[in-house]
Amino acid sequence: LRSVAWFRRRDAWFLEETKRRGCLVCAGCDRLDVKGRLELHHSSYDGVLEDARGVWVARERHEDLVSMHPSCHELLHRLIDRDKVLSKHRSRGDATRVGLERLRSALKGTR
């Protein structure tokens, strides 16, 4: 996640998402924000590969990434990691989906 390939993929994701939606939104709290204050969460690492030379290649599908504020991203990981069913018995994509539903529900009560 510190590779040049990842930073290029990240920039491309934010550009494409802005074109698709017209704005950037945190998947956790549903608040609008800008690229510089958002991170990307991987719901799948299928597109993260090493090529034949051992160089990291970032080919994640657009749908396998979601933008999140750092605090919301941390909360999502805590929700997934603390729940044994989510962390051990569900795919990362399913765990992300369920975790985001729980996070959104919890954050609605704080507004």
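Me: Which residues does Asp64 touch, not counting residues up to four places away in sequence?
Reply: In this predicted model, Asp64 touches His41, His42, Ser43 and Ser44, with residues up to four places away in sequence left out of the list. These count as contacts because heavy atoms lie within 4.5 Å.

Me: Why is Asp64 called buried?
Reply: The relative accessible area of Asp64 is 8%, and buried means under 20%, so Asp64 is called buried.

Me: Where in the protein is Asp64 placed?
Reply: Asp64 sits in the loop between β5 (56-58) and β6 (65-68). The protein as a whole has 4 helices and 6 strands, and along the sequence these follow the pattern α-β-β-β-β-β-β-α-α-α.

Me: How do you know that the radius of gyration agrees with that of a compact globule?
Reply: For 111 residues, a compact globule would have a radius of gyration near 13 Å, and the protein has 15 Å, which is taken to agree. The C-alpha atoms fill a box of roughly 50 × 35 × 20 Å along the principal axes.

Me: What share of the residues counts as buried?
Reply: Of the 111 residues, 38% count as buried, the cut-off again being under 20% relative accessible area.

Me: How many positive and negative side chains are there, and how far apart are the centres of the two sets?
Reply: There are 24 positive and 17 negative side chains, and the centres of the two sets lie 3 Å apart.

Definitions and conventions. Residues numbered from 1 in each chain as written. Predicted model: local features only at pLDDT ≥ 70, side-chain atom pairs only at ≥ 80, totals over all residues. Heavy atoms only, no water. Helix = DSSP H or I, 4+ residues; strand = E, 2+ residues; numbered from the N terminus. Buried < 20%, exposed > 50% of the residue type's maximum accessible area, 1.4 Å probe, protein only. Rg over C-alpha atoms; globule rule 2.2 N^0.38 Å. Lys, Arg positive; Asp, Glu negative; His and termini not counted. Charge placed at Lys NZ, Arg CZ, Asp CG, Glu CD.
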